[in-house]
Structure formats: structure tokens, C-alpha cells
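Reader: I'd like to learn how to read the sheet and the helices around it. Could you walk me through it?

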Amino acid sequence: MHRSIERVIDLLDPRLNQLHNVDVAEARRRVLSGDAAAVRAIDGSFALVTVDGRTVRMARSLDRPMRYFLAKRHEGPALFVADRIDALHRALEENGLDGQFHPSYTRMVPAHHIVELALVGCPDPSPTYTRFFTPRQRTLPADLDEIGRRYIGALADEVAKWLVAIDRRGDTAAPIGVSFSGGVDSGSVFLVTYHTMLRLGMAPARLKAFVLNLGDGPDVEQARGFLADTDLSTFLEEITARAEDLDIEETLRAVEDYKPLDVECAAMGLLLCRGIRARYPEWRYLADGDGGDENLKDYPIEENAELTIRSVVDNVMLYQEGWGVGKIKHSLTYSGGLSRSYVRTYAPASQYGFEGFSPYTRPDVIEIAEGIPFAELTRYDVPALYSLKGEIVRRGVKAVTGIDMPAFPKRRFQHGAASADVMRALIGRPEREYRRAFERLYA
């Protein structure tokens, strides 16, 4: 995948761009133009780098990690761009530039921004950021039925585009998997995918709901109950693994980060993807519900001392982007929010050869979510906020598919595949320990 373009080494795989309304050449032209509206109009998933003389412009979707490293050469600066830190390191080694490398010197392109760099030598100028996706808040009525219908309707549109694109590639018999726990997010993605396949005349026998079974976690029973309640039990497939196979070093290598919740989630994702791949060597397409919690602001506020109910409700895309580009707490190395942590989903799928799909990360879906009048519906009451997601999604799934969806209490992926005690005993570590272990990989 190495190709040098005027001191820019683009290591991104263009085959991973999944575009619905333009081809890759046109998408690159739009990014190169720097026109935010034109980039926002790109429909699909992408990570693109473009060059015009000494000016480089880059942009990515929320679901496509994108990193870069600016190296010094006698001939002038060289920009390396990839989806992973280790890919940047290998490329620098191959070019005899690895003496300049440290993981913290890499930079992540923040989702929903055009990043512009000028390759003009030493000292390196700071990049500029132009936002291309700015959803408006509180545009919807305070009507849960209407909100649910629009939100899940947007989800169904994204699922339909994904399925149609798969068939247009000639994969008309390709199996479709959903990483499944029976929770609100994975449950809604599964039901909408099932309904959409029927609506499009596709054989539902292509579909499976994969649940990770480590022996003592609650997700398996929840998944069984969810599908029994919807008369769809035949679609469930349990992927059995051993909790003892959780490997911290492997997980850190995959996720290239040290946030404990993301490390734990990625560890479970690796076991699930490994198990599916062992059973189905040719399986390719795997959907999931990542992004659903972020969209409907469904994280325990009390677990983060920096957050208040007002900061969560009033800040646009706080969970998707963190505190935002240009803020003191925005990490240049890791971006923020789901823009940073989506690697927990992307890396396990990529490592085992799956093409992942997270419909809740699509801008048209996020735009509906940001339009929800959270302040009016919750009056800044924390329990009211926590109860909102299940109610909105349940009503929306019923409106779009006609199926009554069970709505179980929220539980993180890693806390459902194994008991909390087992999780803590095997991979429970403080953030500083994960950080040191990750840095040792490059010692």
C-alpha cells in the first residue's frame, strides 16, 4: 500500500472507503477543495488524504481511525498517514526514519474535521481544522414516538445502503453478522437489519447474531431471552471462549491505547472476532451497535468527575468528540470521545479480517440524535436521561419494523461477556499501568 506523493506516504487502504453517492476520486477532490459542505455531503465511510503542492488536507468518518506522523528529511518534511500507530512505525523504519519515532509524536485526525497541513520545513506549523459536520441541537419535538421513528428510520436507511452495497459488489449470498448482546444498541441493529433484509427481498438465512460466551457472563442469557421474545432464536450463534485467553499485551498492541474501558472492550472484541473467524474462515461482514450510547448520552455520569448532567446535555457531540478540537483537554495524539475510542471496535474486526459496520456512527443518524430536546425531556434529571434511550429506541424499532423490542438495562460489552469479578481479576488494571505497558512495546 506504500505510495509516495510529493513527500506524503499514504498507507491507507482505499478499499476500506465505502461510499454511496460518489467515487473515491470525487471524494478526494472534495477533501482537497477544503469545502466543508462538499465533504459533509460525502455519504458513507471514508479516510482520505489529499495533496496540492505543499498543502495536505485530510478528513475521516467517525468509524475510520486515521493517524499521521511528520518526519524530518534533508530533502524536506515527509508526512506518513495510516490507520494505526504501528503502521506508521514500520513505514518510518523502512525509510530509515524510525529514530524520530515515539507513539506520542503521532497525531490523530479528529473525526468530522478537515485537517490542513503545510509541508514547509522546520519548525513545523500547526495544522488548521475546519469542521464539516455541525448538527443542530433541539430541532425535534418533545414527542418520543416521533423521535424514535426518525432516529430508527435514519438507522434503517444506513443499514439498507450497507446491504445494497454488499450485494452490488456481487456478494449476494454473503453472510451478515451482528455482534450481539441483546442490549438496546446491538438488539436494535439486529432487528433493523433483519427487517431491512426482508424488505429488500434478501434471504434472512444469511443473518446471524453472534454473542460471546465466556461461561459466566450475563449476556448469553440476555441474548437468548431477547431473541426468544422476538421469535428469532434461530439466528443466535454463541461463540465460546475462555476468560483465561484474555491477553493484555495482545489487546494493547491491537487497540494502541490505554483507557481501561476501551482496553477491556477491545479484549472482548478480540475474543469474539477470533472465535467467529475460527468457525467461519470466509466470513467478512460484521455489524455492531457502537455509537448508540454516545448518541443518546447513555453513560454513567457519576463515574466521571469531570462531567455534570448539564455538560452532557448541552455540549454538542460531547461523547462522540470529547471536549472538542482546540480545547485544553483535547489530545492531539488520540483525539477525543468516540473519535478516539472507536479503535476498540475497529482494531479487533480489522485484525481478524472483518469489514465492520457501525450504523449509529453515521452523521445522518447522529444528526437526528443531536436534534432531540434532551433538556426539555429530562429537565436535567440524571435518572430521566438514563431512561430515555431504551424508550426512544424501543418505540422507534416498533414504528419502523413492527417488532416489539425488549429493552434490558444498560451493560457494557465487557461486563456482559464475563462477570465483573472475573474481568477485574484477569485484565483489571489502572490507566497508568496500561499506559506504561503500551509504551514498553516501543521501548
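Author: Happy to! Contact here means heavy atoms within 4.5 Å. Axes are lines fitted to C-alpha atoms, for helices over the stretch in contact, and angles run from 0 to 180 degrees between N-to-C directions. Helices (H or I, at least four residues) and strands (E, at least two) are DSSP runs, numbered from the N terminus. In this case, helix 8 (residues 260-279) lies across strand 12, strand 13, strand 14 and strand 15 (285-287), and runs at about 110° to strand 14. This is a predicted model, where local features need pLDDT of at least 70, side-chain atom pairs count only at pLDDT 80 or more, and totals for chains, interfaces and linings use all residues. Residues are numbered from 1 along each chain as its sequence is written, and side-chain values use heavy atoms, with hydrogens and water left out.

Reader: In what order do the five strands form the open sheet?

Author: Two strands pair if DSSP finds at least two bridges between them. Here the order is 14-13-12-15-16, with parallel pairing. Strand 14 (236-240) and strand 16 sit at the edges, each pairing on one side only. On average, neighbouring strands are turned by 30° against each other, direction ignored.

Reader: Over how many bridges do strand 12 and strand 13 pair?

Author: Strand 12 (residues 176-179) and strand 13 (residues 207-213) pair over four bridges, in the parallel sense. Val-178 stands opposite Ala-209 in strand 13. Helix 6 (residues 219-229) packs on the sheet and touches strand 13 and strand 14; the direction of helix 6 makes about 155° with that of strand 13.
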